[in-house]
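Here are my notes on the model you sent over. Have it open while you read.

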Amino acid sequence: MKPLSPTSPPKLYSHLYVEKRVLNHPQTRFIMEKFDRSAIVLIDHYKEVFNRPNQSFAAQSDSKKLILAHKDGKFLHEGSQYSDGFEHPQFFYASSIMGCLYDCDYCYLQGLYPSANTVLFVNLEDAFEQLLPYLDKDTLIATSYDTDTLAIESLTRQTLLWLEFAENQKNLHLEIRTKSANFKPLKKMKPNQRVILAWTLSPQKIIDRYEHATPSLAQRLRAIKEAVEAGWNVRVCIDPVIYTDAFETLYPDLIDILFHHIDPSTITHLTLGSFRMSTPHLRALKKLHRSDVAFYPYEVSDDMATYPETIESTILETLVAKARTYLNEERIRTWQRQS
Ligand code: SF4
């Protein structure tokens, strides 16, 4: 075992908690090397820290901790009605991380987890094992579904491990969704045409107001440019759209800014969708009293809160009309409630 080196202090997380049972896992050793010894705490089970009662999500958001753990159960879950499976016969999301480095006011994770800290399950090899029986058919896996894996890639190399696994699995397609500006770790990888890097963009004013700790619009655009120039398939997602008074200018302008910087022919799709959330998650979000996003008078149908139909239609019609000035119909995807 390589000795722990008290190298540069971790920049992303203040402390590292490590379950004793994963102490000798190669992924644990890799991550531990980036933390000073004094910042590492051994624990028996991640729930001791992550599920502690009476935690303050808001207070923890300012100083997040990373917890390394072993996942005993299922890594793969069926893709949900809130997301697009792009017509792949099988669509799953992989849940190898709980929590996110970023802190978006509209994120359902705040209502889902008791803590703002991040749990990383290091035994990704078990996720690959669980996936193998499905790979006789074309399968899409969202690897960054309820987190942002690229945001912490330099610390965890999780995306890299997925890409290495995908290289030899001809039926496996990956979607790696991110708001990160961190393209650097992927620079050394050969682009895989079965992998989509999907960047979520918002107008800078929305980023400032709701997407705390995330890279600026300009930084994300630079990362997209690097990725397309390196030969990766890139999808851009303006989703969720947050409806504000300035919607009519902010979001169409965002599409103009996007295609001023990125050649429209170099992206595979533009995805558009308005804010939506399951009602239990929205209830939990309201309890936190962190943002006006939670208190909009949404319409609820089938346990899903969305903008009223007239507003949802205005959002999509406005943005699709603008997108059509750059892209043909087939490359514009929209999320709409099923009527
Ligand atoms: S980047 Fe995504 S997962 Fe992370 S806090 Fe924002 S919405 Fe949630």
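The points below go from the whole chain down to single residues.

1. First, the ground rules. This is a predicted model: local features need pLDDT of at least 70, side-chain atom pairs count only at pLDDT 80 or more, and totals for chains, interfaces and linings use all residues. Residues are numbered from 1 along each chain as its sequence is written.

2. Overall make-up. The chain's secondary structure comes to 12 helices and 18 strands; helices (H or I, at least four residues) and strands (E, at least two) are DSSP runs, numbered from the N terminus. The radius of gyration is 20 Å, close to the 20 Å that the globule rule gives for 339 residues, so the chain is as compact as a globular protein of that length. That radius is taken over C-alpha atoms, and the rule is 2.2 Å times the number of residues to the power 0.38. Along the principal axes, the C-alpha atoms fill a box of roughly 60 × 45 × 35 Å.

3. Burial and contacts. Of the 339 residues, 40% count as buried. A residue is buried if 20 or more other C-beta atoms lie within 10 Å of its own, exposed if 12 or fewer, and partly exposed in between, with C-beta atoms placed from the backbone. Among contacts between residues at least 6 apart in sequence, 77% join residues at least 24 apart; two residues are in contact if their C-beta atoms, placed from the backbone, lie within 7 Å.

4. The core. The largest nonpolar core has 88 residues. Such a core is a set of buried Ala, Val, Leu, Ile, Met, Phe, Trp, Tyr and Cys residues joined through C-beta atoms within 7 Å. Leu 68, Val 119, Ile 141, Leu 197, Val 236 and Ile 238 have the most contacts inside it. If you click on Leu 68, look for its contacts with Leu 16, Val 18, Thr 28 and Ile 31, among others; residues up to four places away in sequence are not counted.

5. Helix H11. Which residues of H11 (residues 279-288) are buried? They are Leu 282, Ala 284 and Leu 285. These cover an arc of only 160° around the axis, which puts them on the same side of H11; the arc is that of the directions from the helix axis to the C-beta atoms. Their cover includes helix H4 (109-112), strand S15 (276-278) and strand S17 (304-306).

6. Leu 285 in more detail. Why does Leu 285 count as buried? Because it has 24 C-beta neighbours inside 10 Å. Leaving aside neighbours within four places in sequence, Leu 285 is in contact with Gln 110, Gly 111 and Ala 294. Leu 285 and Met 304 are 19 residues apart along the chain, and their C-alpha atoms are separated by 14 Å.

7. Three strands form an open sheet in the order S15-S17-S16, with antiparallel pairing; strands pair if DSSP finds at least two bridges between them. S15 and S16 (299-301) stand at the edges with a single partner strand each, so one side of each is left without a neighbour in the sheet. Neighbouring strands here are turned by 25° against each other on average, direction ignored. H11 lies across S15, S16 and S17, running at about 95° to S15. For these angles, axes are lines fitted to C-alpha atoms, for helices over the stretch in contact, and angles run from 0 to 180 degrees between N-to-C directions.

8. S16 and S17 pair in the antiparallel sense over three bridges, and Ser 301 stands opposite Met 304 in S17. Asp 302 counts as exposed, with 9 C-beta neighbours inside 10 Å; Asp 303 counts as exposed with 11.

9. Two more spots to check. The peptide bond from Asp 239 to Pro 240 is cis, with omega near 10°, and Pro 240 is found in strand S13 (residues 233-241). Asp 253, in helix H10 (residues 247-261), is partly exposed, with 15 other C-beta atoms within 10 Å.
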